[in-house]
Structure formats: C-alpha cells, structure tokens
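Biologist: I am new to this model. Please take me closely through one part of it, then show me what lies around it.

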Amino acid sequence: MSDVFHRPRDWKIEPAEKRFVVTWDDGAVTEYGWEEMRRACPCAYCAGEGTFKGTVDATTKFTERQTTMTEVHPVGRYGVTPVWGDGHDTGIYTYKMLRRAAGLE
Ligand SMILES: [Zn+2]
C-alpha cells in the first residue's frame, strides 16, 4: 500500500499488439489489452450509475471498432480518456484505476 500519487511519464498505443502501454514516474511499465480496457469502461453509459445497470458486462460482445483505441487524451492531472473507433470517449480511467488494475497499488 502506498499513498504516493503516481503519474505516467509516457504512454503509447500499440495497434499491432492491440494494447495501451503506460510508463510510470516510478519506472514501472504496465500494459492493457484494448478489449479488456473497453470492457472496464467506467462511464455511466457502460458501467451504469444509480439504478441504471449499464450496457456492458462480462459477456458483452464488442465490434472491432468498439475495441479499437484511436487516441488517448489526458484528463486533468489524474487520468486519461481513450477515444474508441466507434466514437465512444466518455470513460475516464484514473491513474489510480490503471495502477490498481496492474496490481501496483
Ligand atoms: Zn463507456
């Protein structure tokens, strides 16, 4: 457990491997498969909010476009938002989430 707030030093989209790779300020390098990441989209539409169940779960079948990461933009100083091939861009993945998903926090 660490309460140090880590930020990426760099990140890149690797289309050939269909993954997103983050290099952190502590030197750790973590990778996220596109489909896995799209499935974990934390936005209200995908993940649900309140009584709304959301549209994505473990059995959701995605199209190729839905799991193609085209761009990634920083959100404030705390996270990133990917743009997917179908235009979906409302999921904010915080650095904390990404670190935790990789077993670093
Ligand atoms: Zn979403």
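Modeller: Lys18 counts as partly exposed because it has 15 C-beta neighbours inside 10 Å. The scale runs like this: buried takes 20 or more other C-beta atoms within 10 Å of a residue's own, exposed takes 12 or fewer, and partly exposed lies in between, with C-beta atoms placed from the backbone. Residues are numbered from 1 along each chain as its sequence is written. The model is predicted, so local features need pLDDT of at least 70, side-chain atom pairs count only at pLDDT 80 or more, and totals for chains, interfaces and linings use all residues.

Lys18 sits in the loop between strand 1 (8-14) and strand 2. Its phi is positive, about 50°, although Lys18 is not a glycine. Helices (H or I, at least four residues) and strands (E, at least two) are DSSP runs, numbered from the N terminus.

Next, the core. The largest nonpolar core has 11 residues, among them Phe20, Val22, Trp34 and Tyr93. Two or more core residues come from each of strand 2 (19-24), helix 1 (34-39), strand 5 (79-84) and helix 3 (95-101). Such a core is a set of buried Ala, Val, Leu, Ile, Met, Phe, Trp, Tyr and Cys residues joined through C-beta atoms within 7 Å.

Strands pair if DSSP finds at least two bridges between them. Six bridges join strand 4 to strand 5. His73 stands opposite Thr81 in strand 5.
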